[in-house]
Amino acid sequence: MFASFLLPFAERGAGPIHHWVMLAQMARFAPGDIVFIADETYFAEDAVPFGQTLKLGGLRFTCPSQEQFRLFRKIALDGRLMAELHRGGTYLDILERLLVEEVPGLVRALKGALTELVASGHLEAVLAWCNCPSLRRAMDELGGGPIVHNELGALRSPLYRDTFYFDLQGVNGATTAASWKPEDIAAQLTDEELFTDDELRGLLVADFQRVESLQPAGPTYAAGVALQVEDDSNMIAFARGWTSISILYEAMGRFGPASTLVRSHPGARFTYQGGLGVADTSSDSLDFLNNIGTLISINSSLLAEAALWSKPFEAKGDTPALCLASLHTAGEDVAKAVRNAFFLGYLVPSELLFDAEYYRWRLAGASLGECVARHAMVHAGGERPVTIAGLSAESRYSHGEAGLVRLPPLWTSTLAIEGQLEGLRADLAAVELSRQAEAERLRVEIEALKASAQHWQSEAEENWRALEWFKGHVEELQRAFAKDAEQRHSVEHELGESRVRAAVLETRVQDEERLAAELRRRLSELQVRLDAALAGRDEIEGHLAKTAALAESLQECVSQAHEALERRQQHHSAELSTRDERIRQLESEISQFVMLSARITAIAGHSTGSPGQASGSELRLSRDKVEQSVRSIDDSASAQSTLVERMVATTAVLPSSERQDFAVTGDLADDEAQTDHLVLVSGRVAPALGALERLRESRDQALEELATVRERLGRTLKGVDLPASEYPLLSSQIDRLNDWISTVQERQVELIAEVGLLKKRRSLLEFVVGREIRLGMKYRG
């Protein structure tokens, strides 16, 4: 954020002197980027040209609207400060105090206005359009901070590209450029691409035609004096004691009145009338510089302009151009570097005035070389500059002479009576010559008037004769005029009727054209609709054919499913009988195993030989039979599960790709076919679910029987009291039997999951078919 300090309570006859600066800053900065500090007169809205385009020299900007104006934050200084600044003086005294003194009351007021901004940490810099020691003191007491001093630059339109000053130390006076050391500046620009004097002029001149029209020649006057605005800050604060009258006497004493050309400032309060030098009547500043040998001024911007054109100059006051005054004593490379530094580094193109990004770039520490490069790019626009030669530097005055020029007593000689009489005689002779010339001119005019009178007399006689003839033929002419009038009226009437008929016909033609266009448009729409209907009909017929083929395929699948179900029912009944028979066999084998265990126990009680071998073979035989029975039951359950899975697969009415196409495009447009399709799918899924449920019940029953067998086997083994460590083979077989039972239980869980999955598939099929019916109805509609 920036804070703009606008010089308060100072007047020069037109209100707040920096009011336009505030409006220009509002045109360039956003409301959140700047705060204004000034007296309350700056913020009055009565005389603000809201929304209008303002022009100051070559600087143009659009004044903000009233709404935008009110968005900016404004801090008004206490009006009682004016009494402290005034102290019985004038506005000029107030301006001088603001520019050169530290005013305690103003320092306190500025500290109060800036404290919050500085404490927030968001204040980047304070912007000022002039030097103000009170502002510098306030910032120093708050901890310091940059103050950017701006002012319109020395080169301005229309002859030059507009520029402005950007200085962190001061402006007009007490500037950084005035204290430059040429050798230091040359060292900073050692690695930079520098421009010659001719190229600098090519970069900075805007009106090339004006320069081309100038005829550089030797100066007519030895010296020229550039006067300034009497109440400008340059004269009030930075003139070093010089005034306009003292600078005129300085030039007159050195060069004499006849050799001194005096140019008044265009905005001066007083116009120089002569007496101490010749009053300048040049068309512009360039013509003035072309007519003089040496420029003398206090601190006019013409000093920098003279340096640009290689014209010698003398600066009496404090000015940034002081760094260019003594370059004739420096080396060529040093002089070139300093001119580049001043005209391209110190002077800034007006396009960058109040550009927030540029200001932040400068505050971030941009070097002098970087400034020269960026400003040159703005001026050149990416093109190589043209070259423009300088003005003649010849001077009639030798700086080695001393003393003042003595003037002849011209005024005293005008007091002699004889001289006055001779002057009167000369004036009388001049008047006589003038009278004679005037008399001759009048005689010539009289002769011309006589010739004109004769011409008009002859023309009047001719007109009289024509009038007499006209009087004799007036009745005939009146009849002809009446007849012509009647004919003209008739023609006009017919022409009017023809125009009306033409307008009616034109209206009809336009109506018919509009009607034809409307008919063509409607015909095109109907054709598009017909094409769409035909395409839809063909598409529907294709869908119906697909639906018929699908129905036939579904019917065939249903028949196959019924046949498979019937065969499975028969096979299932046979398997149930086989399973019962196998279970009885298993019980018999278990009984034999129990008996075998008892025999083993008896043998173990009567013999101590090798019971492990005899009992082991019999146990293995029993275990093999048990394993075979359990495996047979498990294979039967697996076969039933495989059959049911095949039956579930047949419930997929359509392949997934076709089912997706139907769901998206709504091909099934027949309500009855869709309803039949839904019933068919539900009918096919129901028997498969029933068969799967019966299979699950059969497996549950087999699982319970196996658990019973295992329990009975466990009780038998416990009854015979056979330690597992003595019969490891039997123990491992029992573990395997337990593993098989666990596997069967896991298969049962999988079977339950398959039943749930099948139910979900049926729900999904019903949903898809229902959606197809709705989309088909919508498409057919």
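Asp 231 is buried, with a relative accessible area of 12%; buried here means under 20% relative accessible area, exposed means over 50%, and partly exposed is anything in between (1.4 Å probe, protein chains only). This residue sits in the loop between strand E9 (221-226) and helix H10 (233-237). Helices (H or I, at least four residues) and strands (E, at least two) are DSSP runs, numbered from the N terminus. So what does the side chain of Asp 231 make a polar contact with? The partner is the side chain of Arg 269, at 2.9 Å. A polar contact is a pair of N or O atoms within 3.5 Å; within protein, one must be able to donate a hydrogen and the other to accept it, and residues adjacent in sequence count only if both atoms are side-chain atoms. Setting aside neighbours within four places in sequence, Asp 231 is in contact (heavy atoms within 4.5 Å) with Arg 12, Leu 92, Leu 95, Ile 236 and Arg 269.

A quick word on the ground rules: this is a predicted model, where local features need pLDDT of at least 70 and side-chain atom pairs count only at pLDDT 80 or more, while totals for chains, interfaces and linings use all residues. Residues are numbered from 1 along each chain as its sequence is written, and side-chain values use heavy atoms, with hydrogens and water left out.

Next come the nonpolar cores. A nonpolar core is a set of buried Ala, Val, Leu, Ile, Met, Phe, Trp, Tyr and Cys residues joined through side-chain atoms within 4.5 Å. The largest one holds 66 residues, and the members touching the most others are Leu 7, Met 22, Leu 23, Leu 114, Val 126, Leu 135 and Tyr 359. Helix H5 (residues 104-120) supplies the largest share of this core, 6 residues. Not counting residues up to four places away in sequence, Leu 114 touches Ala 3, Ile 37, Leu 123, Val 126, Leu 135, Met 139 and Leu 142. A second, separate core has 53 residues, including Ala 186, Phe 313, Tyr 346 and Ala 376.

Then there are the charged pairs. Side chains of opposite charge can pair when their charged atoms come close. A search of the whole structure turns up 30 salt bridges, each a side-chain nitrogen of Lys or Arg within 4 Å of a carboxyl oxygen of Asp or Glu. In one of them, Glu 116 pairs with Arg 73, with the closest N and O atoms 3.3 Å apart. That pair links distant parts of the chain, as Glu 116 is in helix H5 and Arg 73 is in strand E5 (residues 73-76), 43 residues apart. Glu 116 is exposed at 52% relative accessible area, whereas Arg 73 is partly exposed at 35%.

Asp 78 and Arg 80 also meet in a salt bridge (2.6 Å, N to O). Here Asp 78 is partly exposed at 36%, and Arg 80 is exposed at 67%. Another salt bridge joins Arg 443 and Glu 440 (2.5 Å, N to O). Both lie in helix H18 (residues 417-472), 3 residues apart, or about one turn of the helix. Salt bridges that share partners also tie Glu 250, Arg 254, Glu 314 and Lys 316 into one network.

Finally, how confident is the predictor? Mean pLDDT, the predictor's confidence in each residue from 0 to 100, is 80 for the chain, and 71% of its residues reach 70 or more. Over residues 604-616, pLDDT stays under 50, and the model has 3 contacts there beyond four places in sequence. Where pLDDT is low, the predicted coordinates should not be read in detail.
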